[in-house]
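This briefing is written for a reader who is meeting the structure for the first time. Please look over the sequence and the model before reading on.

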Amino acid sequence: MPFIFANEVCEKLAVVGFNTNMNSYLTTQLHMPLTKAANTLTNFGGTASLTPLLGAFIADSYAGKFWTVTVASILYQIGMISLTLSAVLPQFRPPPCKGEEVCRQASAGQLAVLYISLLLGALGSGGIRPCIVAFGADQFHESDPKQNTKTWSYFNWYYFVMGVAMLVAVTVLVYIQDNIGWGIGLGIPTIAMFFSIAAFIVGYPLYRNLNPDGSPYTRLVQVIVAAFHKRNVPYLSNPSLLYQNDELDASISLEGKLLHTEQMKFLDKAAIVTEEDDNKISNLWRLNTVHRVEELKTIIRMGPIGASGIFLITAVAQQHTFFLQQAKTMDRHLTKTFQIPAGSMFVFNILTMLITTAFYDRVFIKVARRFTGLDRGISLLQRMGIGFVISTLATLVAGFVEMMRKKAASAHGLLDHPHAIIPISVFWLLPQYSLNGMAEAFMSIGHLEFFYDQAPESMRSTAMALFWASISAGNYVSTLLVTLVHKFSARPNGSNWLPDNNLNKGKLEYFYWLITILQIFNLIYYLICAKLYTYKPIEFQDKGDSSSKGNQIELSSTV
């Protein structure tokens, strides 16, 4: 675990060091309009969260998690070197603005370097994101009674360690980028990424590597095809008559065998043995085991819960765009000579997330356990639900804070001065940053653990990819929402909810409240999905005392 955590610390330092202040880099160095910069970053974030589907397929089917992470990290390293060089060499940037003249935007060639760098970063993320978390959790084996550490504790501490790295990135690195130079500010994360790769590779002899066993996507399609072939076959009244083959499933059920569930009974037909199957037992396109059928059912059941996280990511995405732009217009001085970089305001999100995660792991779980009897305190779905409520409050509060900011600008005659510093403390943004951090400690960690815990064991990289796919969708929804609001809120007099150049003239609070309304509807949808959800039941072989009797069954109601 120290090698895996060391990799994650360096990798997260690199990624966050690049992304946190990238909005400022695009607007101040490449002179992009605000909405174009916001959409560029959310599109990059969306793509970087979609490529894990490809990385997970490679890891689960062919290469395994270790080699997928290693190769992907090298691709990410190349992208970082490219972007750092573009920040150092002046020919890759437009000339600086002079006075009040209109700034010249980056040329097509300069933007090409940027987009290629971001694309390499997205491809690298595609291999790292779905695999590194699952690879760390693979080092644990919960059916072994000799192991005291539980995976739910691992996820809490994984996120905590990641948060510490992010804290350094949004303070030290952002300060360097804003006050010393972008070359050094981007060069440090590039070096950190190199050490990340080195730390990960050095630990190879100590890792528990689970070998891939063919494409999980193929297995899912085989179940669908087999069920379709037997669509006219009558259902069996006794599920115990469905086809099972422990030897065939041995390599994909090392931790336990999935038990039959009553949902989506149509798929059960893939496991019905007919006369035609007597000589085709090995043909998985015609006959599948109950375990393989339940793999598909499990993935389908996870879909609606996974999709519920989309609007939360849409809300969180505003921290790196419009929250940042608000901070840039407010008084950020701590002393007469020192002021907080706007990009470092994200530190309050991270601090709150760290404090909440530590409190949750060390205090909340122990207290909740007394009332619920659950080892993890509350269920995964309850934890996620709390996060949704807090996130909704965050955008509601953000709208009122924006009204205060504009009122202060109006009182001091600064509405027509987009670059002026409004005499209102930037710490008025603290509630929205902190509430988002608290929501992340509940929702994001719970969401991540849900995907790992509920996924079939041979498809956990795929499950992590689905987690990142929901983040991808959230970023794309943010882009779509910003684009639509910018288009349809435009008026002939030039006013707009989300203006390109002067936030003081906009109606950003309406945009925040629109997201709040969407989150309320999303919360209702989530509660319905959570009420109907069935946890996977799994039968596992006790690996403890040899006198133990038979198999143990972990029922869905105990998870």
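The notes below describe two helix pairings and then two individual residues.

The model is a predicted one. Among its helix pairings are that of helix α4 with helix α5, whose axes come within 8 Å, and that of helix α9 with α11, whose axes are 9 Å apart.

**Helices α4 and α5**

- Helix α4 covers residues 52-63 and helix α5 covers residues 65-88, and their axes cross at roughly 135°.
- Because angles of 65 to 115 degrees count as roughly perpendicular and those over 145 as roughly antiparallel, the two helices α4 and α5 are described as oblique to each other.
- The crossing in which α4 passes α5 is right-handed.
- On the α4 side the contact is made by Gly55, Ile58, Ala59, Asp60 and Ala63, while α5 contributes Lys65, Trp67 and Thr68.
- Sorted by class, the residues of this contact between α4 and α5 comprise four nonpolar, two polar and two charged.

**Helices α9 and α11**

- Helix α9, made up of residues 216-229, packs against α11 at an angle of about 105°, and this makes α9 roughly perpendicular to α11.
- The residues that meet here are Arg219, Leu220, Gln222, Val223 and Ile224 in α9, and Arg292, Val293, Glu295 and Leu296 in α11.
- The contact of α9 with α11 has five nonpolar residues, one polar residue and three charged residues.

- The relative accessibility of Gln519 is 2%, and because buried means under 20% relative accessible area, Gln519 counts as buried.
- Leaving aside residues up to four places away in sequence, Gln519 touches Phe311, Leu312, Ala315, Ser391, Thr392 and Thr395.
- With one of these residues, Thr395, Gln519 makes a polar contact from side chain to side chain, at 3.1 Å.

- The phi of Met264 is near 50°, which is a positive value in a residue other than glycine.
- As background to that value, most residues other than glycine have a negative phi.
- Met264 has a relative accessible area of 28%, so Met264 is partly exposed.

Note on methods
Residues numbered from 1 in each chain as written. Predicted model: local features only at pLDDT ≥ 70, side-chain atom pairs only at ≥ 80, totals over all residues. Heavy atoms only, no water. Axes fitted to C-alpha atoms, helices over the stretch in contact; angles between N-to-C directions. Helix = DSSP H or I, 4+ residues; strand = E, 2+ residues; numbered from the N terminus. Parallel < 35°, antiparallel > 145°, perpendicular 65-115°, else oblique. Left-handed = near helix turned anticlockwise from the far one by under 90°. Contact = heavy atoms within 4.5 Å. Nonpolar A, V, L, I, M, F, W, Y, C, P; charged D, E, K, R; others polar. Buried < 20%, exposed > 50% of the residue type's maximum accessible area, 1.4 Å probe, protein only. Polar contact = N/O pair within 3.5 Å; in protein donor to acceptor, adjacent residues only side chain to side chain.
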